[in-house]
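Please walk through this protein model one part at a time. Keep the structure open beside the text and find each element as it is named.

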Amino acid sequence: MIEIDGSHGEGGGQILRTSLSLSCLLQKPFRIVNIRKRRKKPGLMPQHLTCIRAAQLLSRAEVKGDQKGSTELVFLPGEVKCGDFFFDIGTAGSTSLVLQTLIPALIFPNGINKFSKDSQYSQPPYPPLGKGGLLKEKSTVTLKGGTHVPFSPSFHYLHAVFAPFLKKTGLEIQLGIDSYGFYPKGGGTVRAGIFPARELKPLRITEKGRMLRLRGDSGVGNLPLSIAERQRTAFLNKIGTLMHDLRCPVNIELIQVPTPGQGTFLSLQSETENSIAGFTSLGARGKRAEVVGEEAASEFLTYHASEAVLDPYIADQIVLYLSICPGESVFTTSSITQHLLTNLWVIGLFHE
């Protein structure tokens, strides 16, 4: 039984989510205490309970302590099975964070092999490939909740940055969105197709390469499109002095999105020869559209000014997968965050 102190490092919900992912993937039970102790409202919230119950369903786990507000949990996983799943968070809790909890187990439904450190990939116990090089069997996950909410990767980020980075390691997911969920109403719906792995490669990227394009979406839901236009204008004005130096296309679309609530966002991707980086800013009641645009611009400018390849968000999201790769992964990131260090600490507990 792996013992985990949930107050370690940044002390947030990512400790729990990474523990659930690795527990299902490696078939290792764990006990976690002091869950979210450093937060204003400690203990399990609806989003975390959805992660736990989803992981429990996938792995037929025995669970103790899965109640709202609980600061302690015991999780004993069984065998993971592929399938079609639907989970409703019931709030504007992040669908992205729940999905990222489930992906590792569903990509390796038979568990992870003990890969040889001297080979790129050991032969997996999976059936032959189907049309297009993908396995015939896949899992589908549909989630209802928040898709563009604070303190979590947006759907746009998962689709445009996270999924391509998984592909660089040989892993395949497909993402779609039916409706958008903003704080506080939520109600967005996303879909994911998750294919069992056929290969697993380390990540070795130390240079960005030439910048190819800067693209993105400035979106509004049940609000005037002029707000999206103001967000885009503020972004372009903020990076104005850099525009001529980029020497690449810059394209930010204005979009109206379906949602049961109201909200705005600006989501951008900086594409270079060797990498993709993502930057998202969200609107909020009383927050001017110009602030949304300027926030996204500041994040982009900070990243662009660095020599690093990975943005600080993908760095902590990809390390779980790199920890099970054969061989050594090497990358640079524009910021070593407390979130990344905490995630590495949890991963180390499961690989001891």
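Strands pair if DSSP finds at least two bridges between them. Strands (E, at least two residues) and helices (H or I, at least four) are DSSP runs, numbered from the N terminus. Axes here are lines fitted to C-alpha atoms, for helices over the stretch in contact, and angles run from 0 to 180 degrees between N-to-C directions.

Two sentences cover the ground rules. Residues are numbered from 1 along each chain as its sequence is written. Local features need pLDDT of at least 70, side-chain atom pairs count only at pLDDT 80 or more, totals for chains, interfaces and linings use all residues, and side-chain values use heavy atoms, with hydrogens and water left out.

β5 and β6 (residues 139-145) run parallel, joined by 5 bridges. Opposite Phe 85 stands Val 141 in β6. The loop between β7 and β8 holds Pro 184. A cis peptide bond joins Tyr 183 to Pro 184, with omega at about 5 degrees. Most residues other than glycine have a negative phi, and most peptide bonds are trans. Asn 34 is not a glycine, yet has a positive phi of about 55 degrees. Look for Asn 34 in the loop between β2 (30-33) and α2.

Next comes another sheet. Here 4 strands form an open, mixed sheet in the order β11-β10-β12-β13. β11 (250-256) and β13 (276-282) are the edge strands, each pairing on one side only. From one strand to the next, the twist averages 15 degrees. β10 (residues 211-221) and β11 run parallel and are joined by 7 bridges. Arg 215 has Asn 251 in β11 as its bridge partner. Helix α5 (residues 225-238) packs on this sheet and touches β10, β11 and β12 (263-272). Its direction makes about 160 degrees with that of β11. Helix α7 (residues 289-305) also packs on the sheet, touching β10, β12 and β13. The α7 direction makes about 155 degrees with that of β13.

Where is empty space left? Rolling a probe the size of a water molecule over the atoms shows this. A cavity is a set of points, on a 1 Å grid over the protein atoms alone, where a 1.4 Å probe fits but cannot get out; lining residues have an atom within 4 Å of a point. The count is 1 cavity of 30 Å³ or more. α1 (13-26), α2 (46-59) and α3 (95-107) each give at least two residues to the lining of the largest cavity. Among the lining residues are Leu 20, Ala 55 and Thr 101.

How far can the model be trusted? The pLDDT is the predictor's confidence in each residue, from 0 to 100. The chain averages 90, and 93% of the residues score at least 70. Over residues 114-136, pLDDT stays under 50. Where pLDDT is low, the predicted coordinates should not be read in detail.

Technical notes:
Contact = heavy atoms within 4.5 Å. 1 Å grid on protein atoms, 1.4 Å probe; cavity = no way out; pocket = protein on both sides within 12 Å on 5 of 7 lines; lining within 4 Å. Points joined across faces, edges and corners; volume = space filled by probe spheres on them.
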